Amino acid sequence: YLFHALVTAVEELKRRVHGSTMTHITKPVFNRVTIGVPPLETQKQIVAKLSAVQNYKKQLLEQKSKLKELFDSALAKSMTNK
């Protein structure tokens with residue numbers, strides 16, 4: 001749970017930085033970012049759902065990679081059979 005909460009907090013901080021070459025964040029802005037801590041059972045449910053989504057995303061990316069390999073192979077084969 002903490003991992004996912006920290007990722008969310010870091011994304012929020014990234015939206016609040018200023019500067020172009022060196023980005024900065026002021027201490028007051030940093031201190032306003034909070035991480036809520038729900039009961040442990042709720043945390044476990046959140047982690048289970050987020051983990052399922054991450055696993056699904058991983059599977060989709062693997063399928064996309066395999067589909068690209070298949071497409072590239074079929075394209076190469078069609079080019080050599082002419």
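This report describes the salt bridges of a predicted model.

The model is a prediction, for which local features need pLDDT of at least 70 and side-chain atom pairs count only at pLDDT 80 or more, while totals for chains, interfaces and linings use all residues. Residues are numbered from 1 along each chain as its sequence is written, and side-chain values use heavy atoms, with hydrogens and water left out.

A salt bridge is taken here as a side-chain nitrogen of Lys or Arg within 4 Å of a carboxyl oxygen of Asp or Glu. By this rule there are three salt bridges, listed below.

| Salt bridge | N to O distance |
|---|---|
| Glutamate 11 and lysine 14 | 3.4 Å |
| Glutamate 12 and arginine 16 | 2.8 Å |
| Lysine 68 and aspartate 72 | 2.7 Å |

Helices are DSSP runs (H or I, at least four residues), numbered from the N terminus. Helix H1 (residues 2–15) holds both glutamate 11 and lysine 14, which lie three residues apart, about one turn of the helix. In helix H3 (residues 40–80), aspartate 72 and lysine 68 are separated by about one helical turn because they are four residues apart.

Solvent accessibility is described by relative accessible area: under 20% is buried, over 50% is exposed, and values in between are partly exposed (1.4 Å probe, protein chains only). Glutamate 11, the partner of lysine 14, is partly exposed at 36%. Arginine 16, which pairs with glutamate 12, is also partly exposed, at 36%. In the pair within helix H3, aspartate 72 is partly exposed at 33%, whereas lysine 68 is exposed at 52%.

Technical notes:
Helix = DSSP H or I, 4+ residues; strand = E, 2+ residues; numbered from the N terminus.
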